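Here is a short briefing on one structure.

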Amino acid sequence: MKTIAFFNNKGGVGKTSLVYHLAWMFRETDRRVMAIDLDPQANLSGMFLDERRLAELWQGLEKKTIDGDIAPLFEGTGDIASAPHVEEIDDRLGLLVGDLNLARREGDLSEQWSKCLDQDKRAFRVTTAFARLIADAGKAFQAELALLDVGPNLGAINRAALVASDYVVIPLAPDLFSLQGLGNTGPTLRSWKGGWRDRVKRKPPELTITLPKGNMKPLGYIVMRHSARLDRPVKAYLRWIEKIPVEYRTSVLQENSLVAPALDTDEHLLAHLKDYRSLMPMAQEANKPMFMLKPADGVIGAQQQAARSCYDDFRTLSEKIIRKMNEETSSAS
């Protein structure tokens with residue numbers, strides 16, 4: 001199973017919706033996929049499940065969430081759940097359910113990261129809790145792909161989530177804030193990756209758990225193309241668009257070139273997506289992806305064409321992600 005984290009220091013770029021739609025598209029192309037909700041806001045789980053089901057999972061005697069499955073380890077009563085709960089959305093699509101209580105684990109994750117350098121066994125168990133949970137769930141669900149939705153910050157929860165990832169995709173919006181976030185994201189990924197490699201070398205010999213590789217290999221970036229607003233003229237929009245290829249090369253790939261191709265010809269661009277603004281409210285009401293909307297869901301006229309265009313865009317994106325992963329695997333072997 002390959003794990004892909006969708007991560008940027010800047011929030012509000014449509015990351016959760018992106019993960020939701022990609023999970024469904026990979027399912028559409030006959031792949032077994034899990035969506036992993038590691039953002040303590042749990043918005044991804046809210047896109048997949050209605051409030052009644054969320055309440056059952058969050059408030060039952062045994063919480064069937066990521067936080068419920070790691071709680072024994074963090075509370076000193078055991079290790080992660082031996083059989084993590086995978087909410088079956090479809091026969092080929094599973095969800096590891098998010099939980100607002102996950103935010104409470106930030107402090108312990110931060111503390112244990114440092115203790116790994118002292119060869120502390122519990123520190124390694126805590127730091128790899130997400131990675132081991134995802135691996136066990138993936139094996140049980142027979143998943144080929146795991147898509148990780150994480151919050152827009154540089155904290156210990158995200159670091160532990162990225163330790164679990166093979167690849168990283170960076171969603172962006174064409175604005176100053178995303179560009180600044182991109183500038184933070186690249187150095188942070190390198191720091192986390194290097195820090196984890198240092199810790200792997202210090203694994204206690206008697207510790208039997210399998211440690212994740214924590215490759216965090218950047219696959220590329222996705223630009224979420226929001227409609228131009230009156231307070232952000234087209235010229236300003238285009239100015240930020242033009243800066244993205246250079247910033248990605250500089251901050252993420254550590255290339256020194258000051259020259260880069262135009263956005264839509266950049267080999268590192270995975271997709272330049274529309275926002276499909278008119279479709280999203282109907283998709284939320286129907287509890288399905290925008291590209292699965294039908295006339296029975298209220299999609300008529302130009303909206304039908306928009307839904308077809310959305311399908312084509314996400315199909316192309318999913319194929320490009322698979323191709324990029326295959327290329328990385330080939331070059332590494």
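Ala-5 has Val-168 in S6 as its bridge partner. The strands involved are S1 (residues 2-6) and S6 (residues 167-172), which pair in the parallel sense over 3 bridges. Pairing requires at least two DSSP bridges between two strands. The model is predicted: local features need pLDDT of at least 70, side-chain atom pairs count only at pLDDT 80 or more, and totals for chains, interfaces and linings use all residues. Residues are numbered from 1 along each chain as its sequence is written, and side-chain values use heavy atoms, with hydrogens and water left out.

**Sheet**
- The open sheet has 8 strands in the order S3-S4-S2-S5-S1-S6-S7-S8, with mixed pairing.
- Strand S3 (87-90) and strand S8 (269-274) are the edges, each pairing on one side only.
- Strands are DSSP runs of E, at least two residues; helices are runs of H or I, at least four; both are numbered from the N terminus.

**Helix on the sheet**
- Helix H7 (residues 129-141) packs on the sheet and touches S1, S2, S3, S4 and S5; contact means heavy atoms within 4.5 Å.
- The direction of H7 makes about 150° with that of S2.
- Axes are lines fitted to C-alpha atoms, for helices over the stretch in contact, and angles run from 0 to 180 degrees between N-to-C directions.

**Helix pair**
- The axes of H8 (residues 156-163) and H9 (residues 176-200) come within 10 Å and cross at roughly 65°.
- H8 and H9 are therefore roughly perpendicular, a label for 65 to 115 degrees.
- Asn-158, Arg-159, Leu-162 and Val-163 in H8 meet Leu-189, Trp-192 and Trp-196 in H9.

Definitions and conventions. Parallel < 35°, antiparallel > 145°, perpendicular 65-115°, else oblique.
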